Amino acid sequence: MLPIKFKMWDTERKEMFTSPQSVERGMRNLLGIPGKSGFSSVDVRPQLQKYIPLMCTGMPDKNGVLLWEGDYVEFKFDENDEFNVEGEIVYEAENACFSVKFESFGEFVLMPLLGLTPTIWATGNNAYEHGK
């Protein structure tokens, strides 16, 4: 069984948080649980829109880099293709799976990530850090 990993996008600071303490703070906000503060003047009320959780797919790309929700990736449908397809990893709640969302003939298409991992590679960019 794969461990579940999260990171948090802070919508105010426009910054990605990966430390366990930051992820816990983000989850507390999402669940509406007030934070703990030793100072009376610090506002610890939950801010539900402040953090966006991003889940790790648990799958590496062809170079061994773990893929995360929101990552931009490239792949080829066939090894002989001369063109790379670019897309974003998204979580499809209705199908309970990670997919790659890409544009094809003017429409967005979702393709399950599971079958693509041997041929997919991360670009090093993320939809949140590099504009969504």
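Ala-96 is found in the loop between strand S6 (85-92) and strand S7. Strands are DSSP runs of E with at least two residues, helices are runs of H or I with at least four, and both are numbered from the N terminus. This is a predicted model, in which local features need pLDDT of at least 70 and side-chain atom pairs count only at pLDDT 80 or more, while totals for chains, interfaces and linings use all residues. Residues are numbered from 1 along each chain as its sequence is written, and side-chain values use heavy atoms, with hydrogens and water left out.

The backbone at Ala-96 deserves attention. Phi of Ala-96 is near 50 degrees, a positive value in a residue other than glycine. Most residues other than glycine have a negative phi. Ala-96 counts as exposed because its relative accessibility is 55%; exposed means over 50% relative accessible area, buried means under 20%, and partly exposed lies in between, with a 1.4 Å probe and protein chains only.

Two strands are said to pair if DSSP finds at least two bridges between them. Ser-99 has Pro-112 in S8 as its bridge partner. Both strands belong to an open sheet of five strands with antiparallel pairing, in the order S8-S7-S6-S5-S9. Strand S8 (107-112) and strand S9 (121-126) stand at the edges of this sheet; each has a single partner strand, so one side of each is left without a neighbour in the sheet. On average, neighbouring strands of this sheet are turned by 35 degrees against each other, direction ignored. For such angles, axes are lines fitted to C-alpha atoms, for helices over the stretch in contact, and angles run from 0 to 180 degrees between N-to-C directions.

The text now turns to strand S1. Because four of its five residues are buried, S1 is largely enclosed by the rest of the structure. S1 pairs with S3 in the antiparallel sense over five bridges, and Lys-7 has Leu-54 in S3 as its bridge partner. S1 is also joined to S2 by three bridges, and these two strands run antiparallel. Here Trp-9 has Met-16 in S2 as its bridge partner.

S1 and S2 form a hairpin with four residues between the strands, where Lys-14 takes a positive phi near 55 degrees. Lys-14 lies in the loop between strand S1 (6-10) and strand S2 (15-17). With a relative accessible area of 56%, Lys-14 is exposed.

Lys-50 itself lies in the loop between helix H1 (20-31) and strand S3 (51-60). Lys-50 counts as buried because its relative accessibility is 14%.

Side chains of opposite charge can pair when their charged atoms come close. A salt bridge is a side-chain nitrogen of Lys or Arg within 4 Å of a carboxyl oxygen of Asp or Glu, and a search of the whole structure finds two of them. Asp-10 counts as buried because its relative accessibility is 0%.

The side chains of Lys-50 and Glu-12 also meet in a salt bridge, at 3.9 Å, N to O. Glu-12 lies in the loop between S1 and S2 and Lys-50 in the loop between H1 and S3, so the pair ties together parts that are 38 residues apart in sequence. Glu-12 counts as exposed, at 53% relative accessibility. Salt bridges that share partners join Asp-10, Glu-12 and Lys-50 into one network.

Finally, there is the surface around helix H1. Leu-31 lies in helix H1 and counts as exposed, at 65% relative accessibility. Leu-30, Leu-31 and Ile-33 form a nonpolar patch on the surface, with about 260 Å² of accessible area together.

How values were computed: Patch = residues over 30% accessible without salt bridge, like charges linked within 9 Å, V, L, I, M, F, W, Y side chains within 5 Å. Areas by Shrake-Rupley, 256 points an atom, 1.4 Å probe, with all protein chains shown as cover.
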